[in-house]
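This briefing goes through one protein chain by topic. Please keep the sequence and the 3D view open while reading.

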Amino acid sequence: TGVMQKCDTENANKRVYSKETLFREVERYKQLVRANRALGELDHPDSSVISLDRVSHMVVDIWTEGNNVMGKIKVLQESKRRK
């Protein structure tokens, strides 16, 4: 659990989002969280399309607090795939 994004502050992707934009998108993202579809990869991959074989975590809760986007994530175990 912790800060996932800050308003008007450069993020790891070198982007800056206003409070209005960021909070609007958090409300949209909550739909994915509720549907257990809010998955992510480590290290900010080049593509915005999540690769299921590289998924590392799932966002289980997201909310706004002051100028921050807060969230709770669940780290996923590596699956045992047959080769």
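Helices (H or I, at least four residues) and strands (E, at least two) are DSSP runs, numbered from the N terminus. By this naming, N36 is found in the loop between α1 and β2 (39-40). The model is predicted. The protein chain has one helix and four strands, and their order along the sequence is β-α-β-β-β.

**Overall dimensions and surface**

- The C-alpha trace of the protein chain spans about 45 × 25 × 20 Å along its principal axes.
- Of the 83 residues in the protein chain, 23% are buried.
- The protein chain has an accessible surface of about 6,800 Å², and carbon and sulfur atoms account for 46% of that surface.
- Among contacts in the protein chain with a separation of 6 or more, 39% are between residues 24 or more positions apart.

**Strand pairing**

- β1 (2-6) and β4 (residues 68-75) run antiparallel and are joined by four bridges.
- Within this pairing, G2 has G71 in β4 as its bridge partner.
- β3 (57-65) and β4 also run antiparallel, with eight bridges joining them.
- M70 in β4 stands opposite W63.
- β3 and β4 form a hairpin with two residues between them. In the turn, G66 has a positive phi of about 65 degrees.

**Nonpolar core**

- In soluble globular proteins, nonpolar side chains tend to be buried together.
- The largest nonpolar core in this model consists of nine residues: C7, L22, F23, V26, V33, A38, V59, I62 and V69.
- Two or more residues of this core come from each of the elements α1 (19-34) and β3 (57-65).
- α1 gives the most to the core, with four residues.
- V33 is one of the core residues. Leaving aside residues up to four places away in sequence, V33 touches A38, V59, V60, D61 and I62.

**Loop residues with positive phi**

- D8 lies in the loop between β1 and α1. Its phi is positive, about 55 degrees, although D8 is not a glycine.
- The relative accessible area of D8 is 55%. Exposed means over 50%, so D8 counts as exposed.
- N36, in the loop between α1 and β2, is likewise a residue other than glycine with a positive phi, near 55 degrees.
- N36 has a relative accessible area of 52%. This value is over 50%, so N36 is exposed as well.

**E20 on the helix**

- E20 has its place in helix α1.
- Is E20 buried or exposed? With a relative accessible area of 64%, E20 is exposed, because the cut-off for exposed is over 50%.
- E20 and A38 are 18 residues apart in sequence, and their C-alpha atoms are 21 Å apart in space. A38 belongs to the largest nonpolar core.

Terms used: Residues numbered from 1 in each chain as written. Predicted model: local features only at pLDDT ≥ 70, side-chain atom pairs only at ≥ 80, totals over all residues. Heavy atoms only, no water. Buried < 20%, exposed > 50% of the residue type's maximum accessible area, 1.4 Å probe, protein only. Contact = heavy atoms within 4.5 Å. Areas by Shrake-Rupley, 256 points an atom, 1.4 Å probe, with all protein chains shown as cover. Core = buried A, V, L, I, M, F, W, Y, C linked by side-chain atoms within 4.5 Å. Pairing = 2+ DSSP bridges.
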